[in-house]
Amino acid sequence: MESSILRTEDFNAWFGSSHVLKNINIEIENNQITAVMGPSGCGKSTFIRCINRLHELTENATTSGKIFLDDKNIYESNPTLIRRKMGMVFQHPNPFNTMSIYQNVISGYTLNGYKLSKSEKDGLVEESLKQAALWDEVKDTLHKKGTFLSGGQQQRLCIARSLAMKPEILLLDEPTSALDPISTTKIEDLLLDLKKNYTIIIVTHNMQQAARVSDKTAFFYLGELIEYDVTKKIFINPSDTRTQNYITGRFG
């Protein structure tokens, strides 16, 4: 597939003897939002942690198979370089609490020892906050702590922090589960805007969210990829009864 940016081949992951991802084969398309859904413990978060090579930082965590980014196997690349190409946003907003809004945005550079001029930093901060739809709300308070912001603003700050590093893919692990409905809508609107420039993979428990924002949906169950298709088809006419049962609330 010409437009795929990421693909896996017979990919497996374990925590010790627990086999949490089983022979995953998937192609993620460029400039699309792919939702990953399924019940708790089905391997969703492990899947995206393997994509940016965070999984292996856990003791006794192992993998087999291949994940290709731009046709290069990420497990044959430097993990630090891979993580730089993948922006990661977690369930709970986690701005660095000792840093200002400004410092948070450029923290990926400062923590990795990059030397930037003041004008480069200023430009990155403004561009990233604008991309995260936060600039107008914080441009007069850039040197206040990021933790003074509301939960929804903090999550958009975390998105800005990821975007500042110019990633190819944005990985979001239930980014709105700790937020109120208004903040959730803002994040969803933001994702629809960001997909013009980024490929987005969002893990979500919220089926309505998957239906609202994603182009394609992957349904995971007990570590297996059960079904992967255009989101509308997954919700209206799934091929597998397990997908149907999950969507209609028979389990999950």
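Predicted model: local features only at pLDDT ≥ 70, side-chain atom pairs only at ≥ 80, totals over all residues.
Trainee: Why is Glu137 called partly exposed?

Mentor: Glu137, which lies in helix α6 (residues 135-138), has a relative accessibility of 36%. Buried would require under 20% and exposed over 50%, so a value in between is called partly exposed.

Trainee: What makes the link between the side chains of Glu137 and Gln153 a polar contact?

Mentor: The two side chains are joined at 3.0 Å, and because the cut-off for such a pair of N or O atoms is within 3.5 Å, the pair qualifies. Glu137 has another polar contact, of 2.9 Å, with the side chain of Arg156, and that value also falls within 3.5 Å. Leaving aside residues up to four places away in sequence, Glu137 touches Gln153, Arg156 and Lys186.

Trainee: Is Arg156 buried or exposed, and how do you know?

Mentor: Arg156 has a relative accessibility of 4%, so it counts as buried, the limit being under 20%. Its place is in helix α7 (residues 151-164), and its contacts, again not counting residues up to four places away in sequence, include Ala132, Leu134, Ile187 and Leu190.

Trainee: How do you know how many disulfides the structure has?

Mentor: A search of the whole structure finds zero disulfides. A disulfide needs two cysteine sulfur atoms within 2.5 Å, whereas the sulfur of Cys42 is 13 Å from the closest cysteine sulfur, in Cys50, which is too far for a bond. Cys42 itself counts as buried, at 2% relative accessibility, and Cys158 is also buried, with a relative accessible area of 2%.

Trainee: Why is helix α1 described as largely enclosed?

Mentor: Helix α1 (residues 44-51) has eight residues, and six of them are buried, so the helix is largely enclosed by the rest of the structure. The buried residues are Lys44, Thr46, Phe47, Ile48, Cys50 and Ile51. Just after α1, Arg53 takes a positive phi of about 60°.

Trainee: What makes the phi of Asn60 worth a remark?

Mentor: Most residues other than glycine have a negative phi. Asn60, however, has a phi near 65°, a positive value in a residue other than glycine. Asn60 lies in the loop between α1 and β4 (61-69), and it is called exposed because its relative accessible area is 55%, which is over the 50% limit. Lys166 also has a positive phi, near 55°, and its place is in the loop between α7 and β7 (169-173). With a relative accessible area of 44%, Lys166 is partly exposed, since that label covers values from the buried limit of 20% up to the exposed limit of 50%.

Trainee: How do you know that β9 pairs with β10, and in which sense do they run?

Mentor: Pairing requires at least two bridges, and six bridges join β9 to strand β10 (residues 224-230), the two running antiparallel. The bridge partner of Tyr221 in β10 is Glu224. β9 and β10 form a hairpin with two residues between them, and Leu222 in the turn has a positive phi of about 50°. Strand β3 (residues 33-37) also pairs with β9, in the parallel sense over four bridges, and in β9 the bridge partner of Thr34 is Lys216.

Trainee: What makes strand β9 mostly covered?

Mentor: Strand β9 (residues 216-221) has six residues, and five of them are buried.

Key. Residues numbered from 1 in each chain as written. Heavy atoms only, no water. Buried < 20%, exposed > 50% of the residue type's maximum accessible area, 1.4 Å probe, protein only. Contact = heavy atoms within 4.5 Å. Polar contact = N/O pair within 3.5 Å; in protein donor to acceptor, adjacent residues only side chain to side chain.
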